[in-house]
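Please view the sequence and the structure first.

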Amino acid sequence: MKLTIKVILMMGALSMAACTNAGKLGGGAGDGAFDPNAAGNSSVIAGSASDPATTAYFQQAVGDRVTFEVDQSLLTAVGRATLDGQAIWLLANADYTAIIEGHADEQGTREYNIALGNRRADAARSYLVSKGVPSSRMQIVSYGKERPIEICSEEACYAKNRRAVTVLAGGLTG
Amino acid sequence: MMVRIFISLMALVMTATLSLAQQGPLRIEITEGVIEPLPFATPNFVAENGSSVEMGAQLARVVAADLQNTGLFREIPATAYISNVTDFGSVIQYPDWKAINAQALVTGAVNVSGNNLTVKFRLYDIFSGAELGNGLQFQGTTEGWRRMAHKVADAVYSRVTGEAGYFDSRVVFVSETGPKDKRQKRLAVMDYDGAGLKYLTDSRSLVLAPRFSPTGDRVLYTSYETGFPRIYVLDVGSVQRRVLESGEGSISFAPRFSPNGQTVVYSQATGSNTDIYTMDIASGRSTRLTSAPSIETAPSYSPDGNSIVFESDRSGAQQLYIMSANGGEAKRISFGQGRYGTPVWSPRGDLVAFTKQSKGRFHIGVMRVDGSEERLLTASFLDEGPTWSPNGRVIMFHRETQGADGRSTLYSVDITGRNLRPVRTPEGGSDPSWSPLQK
């Protein structure tokens, strides 16, 4: 799975072509064949998730977030792999900047969780910098425990809330 | 907007000709953990000159609620009265009040003249057959009537307990609505008992943890209106606010005033690290106080302004530390099992209140400033964010319930751990901050 994603991204960067079908990635129908020579093919909807230069593609295909263990700001192996993909994408799409939002679950006090979310956002940013993304293109912010995406009070929800999300800004197609 | 109240003493009334045997001093020692509340009666204040019977009744209700809601006093209802007080100057029929077991009697009178309001009260020790302290007279405008009732209750409370009162005070807090993943928050201020609520911001931006200035005229808080948490100072009267610019770093939060109101202590994140800074409000000049690679946050000044208590995870988990207000070496004061955060120094200087997490539960607790005598006052899924009453005897905090339908409610509890009660607000409430006693 990881290798497949990397190959397709590399192809996207090289060809700058919209692909005719996104196969398993963009939600479009098709047989999964990726044709890097299909330059100028107009059947892809610009701005959709099948267009690799879009925010939607970044969110759904690359993965815009990494999660963390309780009280931790260390990146997991899965997290690093996701950020590898983010770095490649950001380097290929230089007209985007990013704000990395750090979050914590509700199992903590308000101020500490803001500081912990900040650590998480900075961990993601530092890793992206180490992969070549200029730090001038990225900012970090922390929302502490204020913006959960899952609202149950169990570990299944907490695990999703402990996250650093890379939010894009700028770009030609939004 | 700030109501001025003028206070003057009245001469003692003549003591009753019939003196009853002393039953014991009219006294409550709060730290003894009172079990039996002291029975008292507060007949409606007598409506004199231009005032209404209704105003006299309302004043008495506020006084009675203040005293009863401390858990230290128990009101004897008017239905039990044998004689009543229809004239403020007449002699008290002590046997009638003793017969219904009232140990304290609060009488009052109210005068209205145009926009001017005068409220008088006397406190009687029924079993001694005499007044306890001098009667007092309060003068101000009619809009200040609740504050005058609170001042009456403060006087009664302090004479009976020997402690300063806390009823003529306000609370600023975060009023919140909506589910946990779409929570709307805005700042609100109200009397400590929930009356007179006014919103200070709208819900467009996430706002957190407002804190009163030492004179109650300004509020510090954290807002995300720029997309990043920054510290703002808001004037309560005009509702005008401005940002406190901290040059480096994009995230600042957890501000508190120094006791002289001229300095703000706060947290700022630079890179991965969060540390404690102070800023001189007038000049905007900031000073860094901590520089450890750990998280340092939630600072709170001692009432003499010389020390700061804060939380740090430098030992591996959140614990409480005290350092000089100029920074430097910090001494750890929390050593129990669990994590300690949100420390707040009592206005009496003797205790630090905190939030403790242990074995999956949250607690509000207190400890002496040397870390000894730790006591947990509450326990629940999520109790957090204590603030002290002006007299250092009551703590207000918020409690969030579990699960997808979780909501946040303000609560207060006595430092003995007794009298846990919700503070009613129109919406949910969190992050309360208690003002000093108003003048």
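## Terms and basis of the model

Two strands are said to pair if DSSP finds at least two bridges between them. Helices (H or I, at least four residues) and strands (E, at least two) are DSSP runs, numbered from the N terminus.

This is a predicted model, in which local features need pLDDT of at least 70 and side-chain atom pairs count only at pLDDT 80 or more, whereas totals for chains, interfaces and linings use all residues. Residues are numbered from 1 along each chain as its sequence is written, and chains are lettered from A and ligands numbered from 1 in the order in which they are written.

## The sheet of chain A

Four strands of chain A form an open sheet with mixed pairing, in the order β1-β4-β2-β3. The edge positions belong to β1 (65-67) and β3 of chain A; each has a single partner strand, so one side of each is left without a neighbour in the sheet. On average, neighbouring strands are turned by 20 degrees against each other, direction ignored.

Strand β2 (residues 96-103) of chain A pairs with β3(A) in the parallel sense over 6 bridges. In this pairing, His103(A) stands opposite Gly144(A) in β3(A). Helix α4(A) packs on the sheet and touches β1, β2, β3 and β4 (163-170) of chain A. The direction of α4(A) makes about 155 degrees with that of β3(A) (axes are lines fitted to C-alpha atoms, for helices over the stretch in contact, and angles run from 0 to 180 degrees between N-to-C directions).

## Helix packing in chain A

The axes of α2 (residues 55-63) and α3 (residues 77-92) of chain A come within 10 Å and cross at roughly 145 degrees. Phe58(A), Val62(A) and Gly63(A) of α2(A) meet Thr82(A), Gly85(A), Gln86(A) and Trp89(A) of α3(A); residues are in contact if their C-beta atoms, placed from the backbone, lie within 7 Å. This contact has 3 nonpolar, 4 polar and no charged residues (Ala, Val, Leu, Ile, Met, Phe, Trp, Tyr, Cys and Pro count as nonpolar, Asp, Glu, Lys and Arg as charged, and the others, Gly among them, as polar).

## The interface between chains A and B

In the interface, 20 residues of chain A are in contact with 33 residues of chain B. On the chain A side, α4 (110-130) and β3 (138-144) each supply at least two residues. Helix α4(A) gives the most, with 9 residues. The residues of this side divide into 9 nonpolar, 5 polar and 6 charged.

Definitions and conventions
Contact = placed C-beta atoms within 7 Å.
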